[in-house]
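Subject: Handover of a structure and notes on what was found

Dear colleague,

Please find the structure below, together with its sequence. I would be grateful if you would read the notes that follow with the model open beside you.

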Amino acid sequence: IANPQDHTCVHIAGVGGLAEVEIGRLAAEKAASGDVRAFADRMLKDHGPANDKLAQLAEEHGIDMPTELDDDHRAMRDHLETLSGATFDLTYMRGQVADHQKTVQLLEWEIISGQDRALKDFAAETLPTVLRHLEMARAIVTELALQAAR
């Protein structure tokens with residue numbers, strides 16, 4: 001049986017997953033840097049299946065999955081739509097660092113505080129991928145910042 005932490009995790013991870021795909025599509029189209037485009041493509045490739053698995057678990061547990069972005073992610077998407085070039089790339093990637101840091105904390109919290117075994121397992125299985133994404137995003141931000149300083 002899912003406890004309140006499980007419900008919260010599904011909701012926050014669901015919104016985050018939607019944002020990764022929607023904002024990732026935008027970045028795949030608009031990114032100036034090949035590294036940023038490749039990262040956005042990776043987000044689409046990795047988050048699609050994870051979103052599907054989370055949706056399946058949520059349905060099995062009677063937890064409503066979010067179907068649209070929250071205000072913060074909508075504001076980020078809308079802001080990114082106004083940007084281009086190196087400014088777009090750096091803003092997108094900094095957002096990815098922040099979002100992946102939050103997701104790491106969320107998954108760790110679910111592993112410790114969640115009650116439902118399947119949701120805890122999902123969090124444990126997903127955490128290494130999110131940590132890899134965070135590491136990649138940080139490296140790209142560093143590289144973009146170095147390029148901008150030259």
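A residue is called buried when its relative accessible area is under 20%, exposed when this is over 50%, and partly exposed in between (1.4 Å probe, protein chains only). A salt bridge is a side-chain nitrogen of Lys or Arg within 4 Å of a carboxyl oxygen of Asp or Glu. For charge, Lys and Arg count as positive and Asp and Glu as negative, while His and the chain ends are not counted.

This is a predicted model, in which local features need pLDDT of at least 70 and side-chain atom pairs count only at pLDDT 80 or more, whereas totals for chains, interfaces and linings use all residues. Residues are numbered from 1 along each chain as its sequence is written, and side-chain values use heavy atoms, with hydrogens and water left out.

D116 is buried, yet has no salt bridge. How far away is the nearest side chain of opposite charge? That side chain is R117, at 7.8 Å. D116 lies in the loop between helix 4 and helix 5; helices (H or I, at least four residues) and strands (E, at least two) are DSSP runs, numbered from the N terminus. The side chain of D116 does have polar contacts, a term for a pair of N or O atoms within 3.5 Å; within protein, one must be able to donate a hydrogen and the other to accept it, and residues adjacent in sequence count only if both atoms are side-chain atoms. The side chain of D116 reaches the backbone nitrogen of A118 at 3.1 Å, and a polar atom of that side chain lies 3.0 Å from the backbone nitrogen of L119. Leaving aside neighbours within four places in sequence, D116 is in contact with I1, A2, D6, H61 and E110.

The expected span of a helix is 1.5 Å times one less than its number of residues. Helix 1 (residues 4-30) has 27 residues and should therefore span 39 Å; its end C-alpha atoms are 38 Å apart, which agrees. At the start of helix 1, a side-chain oxygen of N3 comes within 3.1 Å of the backbone nitrogen of Q5.

Helix 2 (residues 34-60) also has 27 residues. From its first C-alpha to its last it reaches 39 Å, close to the 39 Å expected. S33 caps the N-terminal end of helix 2, with a side-chain oxygen 3.1 Å from the backbone nitrogen of D35. Where does helix 2 have a kink? A kink of about 30 degrees lies at H47, shortly before the proline P49; the bend at a residue is the angle between axes fitted to the seven residues ending there and the seven starting there. Just after helix 2, G62 takes a positive phi of about 65 degrees.

Among the buried residues of helix 2 are V36, F39, M43, H47 and L54. Their cover includes helix 1, helix 4 (85-113) and helix 5 (117-149). L44, also in helix 2, counts as partly exposed at 27% relative accessibility. Leaving aside neighbours within four places in sequence, L44 is in contact with E20, V21, G24, R25, A28 and P49.

Salt bridges

The count comes to nine salt bridges. In one of them, R77 pairs with E22, the closest N and O atoms being 2.4 Å apart. R77 lies in helix 3 (residues 71-81) and E22 in helix 1, so the pair ties together parts that are 55 residues apart in sequence. R77 is buried, with a relative accessible area of 18%, whereas E22 is partly exposed at 30%. R77 also meets D78 in a salt bridge (3.0 Å, N to O). Salt bridges that share partners join E22, R77 and D78 into one network. Another salt bridge links R74 and E68, with the closest N and O atoms 4.0 Å apart. R74 is partly exposed at 27%, and E68 is exposed at 54%.

D99 has its place in helix 4 and counts as buried at 18% relative accessibility. Leaving aside neighbours within four places in sequence, D99 is in contact with E20 and H73. The side chains of D99 and H73 are joined by a polar contact of 3.3 Å.

Yours sincerely

Notes
Contact = heavy atoms within 4.5 Å.
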